[in-house]
Amino acid sequence: FKASKQNRGIKRGEDLGWSQFTTGNLEIREISGIHQSILAEPRVRLVADILNEHLFELRRDDVHERSAK
């Protein structure tokens with residue numbers, strides 16, 4: 001997740017430095033606000049909803065892969 005407004009002086013790439021921690025795909029989801037505000041109500045609900053969607057998809061895909069074996 002990436003806040004739509006960044007603090008002054010932060011000059012990282014589009015991924016805010018996260019690509020160095022993964023070898024897979026990295027999806028950046030922009031959330032309206034500043035870093036502190038996306039971790040508080042009401043925006044944190046949006047973050048939680050998006051995370052839950054992705055976790056559901058991963059579980060669903062895992063179940064499909066297991067049943068195909």
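This is a predicted model: local features need pLDDT of at least 70, side-chain atom pairs count only at pLDDT 80 or more; totals for chains, interfaces and linings use all residues.
The largest nonpolar core consists of five residues, namely A3, I31, I38, V47 and I50. Within this set, I38 is in contact with A3, I31 and V47, and, when its neighbours within four places in sequence are set aside, its remaining partners are F1, K2, S32, R43 and V44. In soluble globular proteins, nonpolar side chains tend to be buried together.

One of the partners of I38, K2, belongs to strand β1 and is buried, because its relative accessible area of 13% falls under the 20% cut-off. Apart from neighbours within four places in sequence, K2 is in contact with E14, L16, I28, R29, E30, I31 and I38. Its contact with E14 includes a salt bridge, in which the closest N and O atoms are 3.3 Å apart. Since K2 lies in strand β1 and E14 in the loop between β1 and β2, the pair ties together parts that are 12 residues apart in sequence. In contrast to the buried K2, E14 is exposed, with a relative accessible area of 55%.

Five salt bridges are counted in the model. Among them is that between the side chains of E27 and R29, with an N to O distance of 3.6 Å; E27 is partly exposed at 48% relative accessibility, as is R29 at 31%. Another joins the side chains of R60 and D61 at 3.5 Å, N to O, with R60 partly exposed at 38% and D61 partly exposed at 36%.

Key
Residues are numbered from 1 along each chain as its sequence is written. Side-chain values use heavy atoms; hydrogens and water are left out. A nonpolar core is a set of buried Ala, Val, Leu, Ile, Met, Phe, Trp, Tyr and Cys residues joined through side-chain atoms within 4.5 Å. Buried means under 20% relative accessible area, exposed over 50%, partly exposed in between (1.4 Å probe, protein chains only). Contact means heavy atoms within 4.5 Å. Helices (H or I, at least four residues) and strands (E, at least two) are DSSP runs, numbered from the N terminus. A salt bridge is a side-chain nitrogen of Lys or Arg within 4 Å of a carboxyl oxygen of Asp or Glu.
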